[in-house]
Amino acid sequence: ASFPTFSRGIVLAVLSVTTAEALTGTAFCTSAAAGVGAISAKRPSCYSPRSLATARMSALGEEDKPLQFHKGARKALKELSSMVPVVIAAASLGMAPDMGAAMGTPDLKGTPLQRTGSSFVVEGVPRIVDGDTIVIDEGKGGKGERVRLLGIDAPESKQVCKEKNGKEYMCGIESQKKLQQLVGNDKVKCLANKRDMYQRVLGVCYDVRTGVDLNKAMVDEGEAIAYVQYSKAYLQDEQDAQAKKAGVWRGDFEKPWEYRKLKRQASQQLKSTVKIPKKKDTAAKAPPADADVGDDELDDAPQ
C-alpha cells in the first residue's frame, strides 16, 4: 500500500508547525495541509497568534513576501499535532511510500556521465562480485549483465591493505561487503553510455529504493577511490574520505591499479624464469556473468 498524499501533507504540515512555532512563533499555511502537490494558492492563508507577519515560503516560490495571518488558531494546530503518532504508526506498518518504485531518471550531474548522458539502462537485483563490479540478472535463467561501476576503482578481491598499526586485513573483501551493505536486497538502476573491451557495461548505478549513487557512496566510504585516469567526477569524494580516514584511508594501501601492475610484473617475471606451455589464446576474457570471481585482470580496461 502506498502512503496517501493527504497523509504526507499532514506530516509536512506538522513538521512545518513545529519548526515555525519554535523559531518564529508563527504556524503553518493551511494550503500545505491539503497534501503535497495540492498547493495552488499564490497567497496562502496562514495561522498565527499575530494578525500580520512576514515569512519565507521558499517551498511555495514566495520568498520574503508579507502573508496575511488569522488570529488564534492554536486549537486547530494542536489537533493536527495530535495526529503525528497515527502517521508514524502507519509508516511503521509498511505504509510509507516506496520511493524506489517512483524513482525516475537520476540526475547525472557530478557523475562521469554528466557530459555524455546515458544511452541505455540496466536494472535489477544485483549480485555483488567485488567493490566495483556487479552482475544484474535479467529474467529467469538469464546470464545477466556484468556491470563495472564507472569512474571508481576498488581494491581487488585478494588485495591486502594495512591498518594504521600495520596489521594486515583483506581490504578487497571489505570493499565487496560494503557494496553489499549499501545495496542489501534492493534493485539497482545502472545508467550507461558504452561497454568496455570485455563487453562489461560501464555504468553509474543507483539504489532504486534509496536513490543513493553507489559509485559515489563507495568512494565516500573509502572503500573505492576515484579512477582519475578516466574521470575526476568523484575526486572530491575521495578527498573527503581521506580527510576522515574512512575505509582504506585509515592505514596504508596500494592503489588498485598499482596493485594490478605489480601483480602482472610478478607474473611476467615468473613466466620468464619458468617455462609455461603457451595457450592458443592468452588474452584476458571477461568471466561469465554468473562467475563469482573478481575482474582483477580486466579492470585496467579503458573506460
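Helices, of at least four residues, and strands, of at least two, are DSSP runs numbered from the N terminus. The model is predicted.

Lysine 178 is a residue of helix 4. Buried means under 20% relative accessible area. Lysine 178 has a relative accessibility of 17% and therefore counts as buried. Leaving aside residues up to four places away in sequence, lysine 178 touches Met218, Glu221 and Glu223.

**Disulfides**

How many disulfides does the count come to? The count comes to two disulfides. A disulfide is a covalent bond between the sulfur atoms of two cysteines. The two links are set out below.

| Cysteines | S to S distance | Torsion about the S-S bond |
|---|---|---|
| cysteine 161 and cysteine 171 | 2.0 Å | about 65 degrees |
| cysteine 190 and cysteine 205 | 2.1 Å | 110 degrees |

The torsion about the S-S bond of cysteine 161 and cysteine 171 is about 65 degrees, so this disulfide is right-handed. Cysteine 161 lies in strand 9 (residues 161–162) and cysteine 171 in helix 4 (residues 171–183), so the pair ties together parts that are 10 residues apart in sequence.

The link of cysteine 190 and cysteine 205 is right-handed, with 110 degrees about the S-S bond. This pair links distant parts of the chain, with cysteine 190 in strand 11 (residues 188–195) and cysteine 205 in strand 12 (residues 201–207), 15 residues apart. Cysteine 190 is buried, with a relative accessible area of 0%. Cysteine 205 is buried as well, with a relative accessible area of 0%.

Strand 5 (residues 126–130) runs antiparallel to strand 6, and four bridges join them. A hairpin of two residues connects strand 5 to strand 6. Proline 126 has isoleucine 136 of strand 6 as its bridge partner.

Strand 6 and strand 7 (residues 145–149) are also paired in the antiparallel sense, over four bridges. Here the bridge partner of threonine 133 is arginine 148 in strand 7.

Which way do the side chains of strand 6 point? Thr133 and Val135 point one way, Ile134 and Ile136 point the other way, and all are buried. In a regular strand the side chains alternate between the two faces of the sheet.

**Helix 6**

Helix 6 (residues 235–243) has Asp237, Glu238 and Ala241 as its buried residues. Seen down the axis of helix 6, these residues fall within an arc of 100 degrees, so they line one face of the helix. What do the buried residues of helix 6 pack against? They pack against helix 5 (214–220) and strand 13 (225–226). Lysine 245 follows helix 6 and has a positive phi, near 55 degrees.

**Aromatic side chains**

A pair of aromatic rings is described by the distance of the centres and the angle of the planes. The structure holds three aromatic pairs. In one of them, the ring centres of tyrosine 227 and tyrosine 230 are 5.0 Å apart and the planes are at 90 degrees, so the pair is edge-to-face. Tyrosine 227 is buried, with a relative accessible area of 2%, whereas tyrosine 230 counts as partly exposed at 36% relative accessibility.

The rings of tryptophan 249 and phenylalanine 253 have centres 5.0 Å apart and planes at 90 degrees, so this pair is edge-to-face. Tryptophan 249 counts as buried at 14% relative accessibility. Phenylalanine 253, at 21%, counts as partly exposed.

Ring pairs also link Tyr227, Tyr230 and Trp257 into a cluster.

Which ring does the charged end of arginine 250 sit over? The charged end of arginine 250 sits over the ring of tyrosine 169, at 4.3 Å from the ring centre.

How values were computed:
Residues are numbered from 1 along each chain as its sequence is written. This is a predicted model: local features need pLDDT of at least 70, side-chain atom pairs count only at pLDDT 80 or more; totals for chains, interfaces and linings use all residues. Side-chain values use heavy atoms; hydrogens and water are left out. A disulfide is a pair of cysteine sulfur atoms within 2.5 Å. Buried means under 20% relative accessible area, exposed over 50%, partly exposed in between (1.4 Å probe, protein chains only). The arc is that of the directions from the helix axis to the C-beta atoms. Contact means heavy atoms within 4.5 Å. Rings of Phe, Tyr and Trp (its six-membered ring) pair if their centres lie within 6.5 Å; planes under 30 degrees apart count as stacked, over 60 as edge-to-face and the rest as tilted. A charge sits over a ring if NZ of Lys or CZ of Arg is within 6 Å of the ring centre and within 35 degrees of the ring normal. Two strands pair if DSSP finds at least two bridges between them.
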